[in-house]
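Subject: Structure handover

Hi,

Here is the structure you'll be taking over.

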Amino acid sequence: MQYSYATRTAALLASPLRHIRDHARRHSFISLAEELPAQELFPVKLLDEAAHEVLTSGPAVLQYGDPEGYLPLREWLTAEWKSRKRMNVDPRQVLLTTGTQQAIDLVVRLMVNAEDPVLIEQPGSPGSLQVLSMQGARLIPVQADAQGTDLEALERRMAADRPKLFIAAPSFSNPTGFLWTLEQRQQILSLCQKYNVLLVEDDSYGELHLHQNEQIPPSVAALDDEGRGGHVLYIGSFSKTIAPGLRTGWVTGHPSLIEGMSALKQLADMQSSSMNQRLLHHLLTDHRFRWHDHLELLNREYRVRLKLMLELLKRPFWKEVTYHVPGGGMYMWVRLPEGLESATLLKAVMPKGVAFMPGALCTAGNSGNSYIRLNFSHPGREELLMGMNLIGETITEFTARRS
Ligand SMILES: Cc1ncc(COP(=O)(O)O)c(C=O)c1O
C-alpha cells in the first residue's frame, strides 16, 4: 500500500539526522555525531542492585503510578535544587518526563500554533529544532557567541515578533558549550518579563563543567523569584549525568503550565516509567552512591577527553579550522576551512566509517553549513584518535584540491 504521510512528518522522515544516527549505531562505526555520554561511567552495579531491591519490594511497583511521576523522586529533585541551585519549588510543581526531549515536545505542543514565532538559540540542539518544525513554528534564531547573546537584537525581535517562547540552554548549550554570565541571565530574564515571553531553560548539560573551579551562575529559573516567577520553564534530565536509557527528565514552572503539560503527557504515554523513576530514587538515596562525587568523576573524565580532542585539533590536518573551547557539555563546534561545506565533508567521511553532526542540523536556515559538531564524551581514546584523523585527512584532501 502507498502511505500518504502528513507534510511535516514526511519532512521529519527525510531528515539526514535519522540516516546519520542509523549509521552511527552500526557496530565498528566511529560516531562523533551523537549526543552520547560515556557508558563506561554508568553506575551499572548499583543500578543492578537497585533494580533487584525495587522489583522484590512488591507488585505495586509495576502498577500504573502517579501521572506526574514518582513523588519521592520529585521530592529528591526539589531538595537538591533548594540546596544547590537556590530554587524553591513545590514537588507538586514538577512533572517527570521521558527525558528533556519530551519536556520540549510537550511545551511546544501546549503553546505553539502553526506559524507562531518562537525564539531559538542559534546554534541549538537538533532535537529542539525538529520539535519546532513539526509543530510548524516560525523559527526566529537568536545568535549567540562566546561573548553572549546580542541583547539589542533580541529585544528588537521580541518587540517586533511577539514570540511566546524562547528556547535556550544558558549553561552549556548543545553544540557550543557557551555559558551565559549572571548579567546576561538577568538581562534576558528582564526582557522575557517585559515582552511576556516564556524562557524554556534547557539545563541538560548544566552539571558538565569543563573548566575546573569555574563558578556557574544561578539558573535563570532561580533568578525568576527562586523558580516561582512564572517566566521560566526549567527542564533537564538524568540522561547526561546517570544514564539516558532510564529516560527520566523533569520540567518545573508555573502550576498552570505543569497542569497543561501533564494533560498532554497523559495523551502521549499516560506517565513515564515509574519503575525507572523508583530505580533512580533508590540509587540517589543509596549511601554508597555519592551523587556529587559522581558528577565530579564525569567532569574529570570529560576534561581529559576534551583535552585530547584539543590536542588532535592542533595537528596540521586541522590548521584552517577555527573553534572556541567549550566551558561545559560534550561537544566542540568547529568552523571548517573557507569553501568547505559540512554536508560535503560528511558524505566523504561516512564511507570511511566515521560521522560527525553537520552544522546545518543545529541551526535554523542554512547558516550552520560551514560548521561541524564533534562529540568527545562517548568515543574512547583510540576511536577519537582514528575518527579525528579520518576527518582531518579528508579536510586536507579538500583544501589541497582548492589551492
Ligand atoms: C540540549 C538538549 N536538550 C535535550 C536533549 C534530549 O535529551 P534527553 O531527552 O535524553 O534528556 C538533548 C540530547 O542530547 C540535548 O542535547
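Which strands and helix do the buried residues of H12 pack against? Before the answer, two housekeeping points. This is a predicted model, where local features need pLDDT of at least 70, side-chain atom pairs count only at pLDDT 80 or more, and totals for chains, interfaces and linings use all residues. Residues are numbered from 1 along each chain as its sequence is written.

**Helix H12**

The partners are strand S11 (331-335), strand S13 (371-375) and helix H14 (381-402). Element names come from DSSP runs numbered from the N terminus: helices are H or I with at least four residues, strands are E with at least two. The buried residues in H12 are Leu 298, Tyr 302, Arg 305, Leu 306 and Met 309. Here "buried" is 20 or more other C-beta atoms within 10 Å of a residue's own, "exposed" is 12 or fewer, and "partly exposed" is in between, with C-beta atoms placed from the backbone. Packing, touching and contact are all judged by C-beta atoms, placed from the backbone, within 7 Å.

H12 covers residues 291-313, 23 residues in all, and spans 33 Å from first C-alpha to last. That is close to the expected 33 Å at 1.5 Å a residue, where the expected span is 1.5 Å times one less than the number of residues.

**Two domains**

The chain splits into domain 1 (7-42 + 291-402) and domain 2 (45-284), with bounds from an automatic or database domain assignment. Their C-alpha centres are 25 Å apart. The contact between them takes 31 residues from domain 1 and 33 residues from domain 2. On the domain 1 side, helix H1 (7-13), H12 and S11 are the elements giving two or more residues. H12 has the largest share of that side, with seven residues. By class, the domain 1 side has 17 nonpolar, 10 polar and four charged residues. For those classes, Ala, Val, Leu, Ile, Met, Phe, Trp, Tyr, Cys and Pro count as nonpolar, Asp, Glu, Lys and Arg as charged, and the others, Gly among them, as polar.

**The ligand**

There are 14 residues around the ligand, and the closest are Glu 35, Gly 99, Thr 100, Ser 237 and Ser 239. A residue gets into this shell if its C-beta atom, placed from the backbone, lies within 6 Å of the molecule. Helix H5 (residues 99-111) contributes the most to the shell, with three residues.

**The core**

H5 turns up again here. The largest nonpolar core has 106 residues, and Phe 166, Leu 199 and Val 200 touch the most other members. H5 gives the most to this core too, with five residues. At least three residues come from each of domain 1 and domain 2. A nonpolar core means a set of buried Ala, Val, Leu, Ile, Met, Phe, Trp, Tyr and Cys residues joined through C-beta atoms within 7 Å. In soluble globular proteins, nonpolar side chains tend to be buried together.

Not counting residues up to four places away in sequence, Val 200 touches Ile 104, Val 107, Leu 165, Phe 166, Ile 167, Leu 233 and Ile 235.

**Loops to look at**

Phe 238 sits in the loop between strand S8 (232-237) and strand S9 (249-252). Phe 238 counts as buried because it has 23 C-beta neighbours inside 10 Å. Beyond four places in sequence, Phe 238 is in contact with Leu 246, Thr 248 and Leu 280.

Arg 247 is also in the loop between S8 and S9. Arg 247 is partly exposed, with 18 other C-beta atoms within 10 Å, and its phi is positive, near 45°.

Arg 162, in the loop between helix H7 (151-161) and S6, has a positive phi of about 50°. Arg 162 is exposed, with 12 other C-beta atoms within 10 Å.

Two peptide bonds are worth a look as well. The one from Gln 122 to Pro 123 is cis, with omega near 0°, and the one from Asn 174 to Pro 175 is cis, with omega near 20°. Most residues other than glycine have a negative phi, and most peptide bonds are trans.

Lastly, His 287 is in the loop between helix H11 (274-284) and H12.

Cheers

Note on methods:
Two residues are in contact if their C-beta atoms, placed from the backbone, lie within 7 Å.
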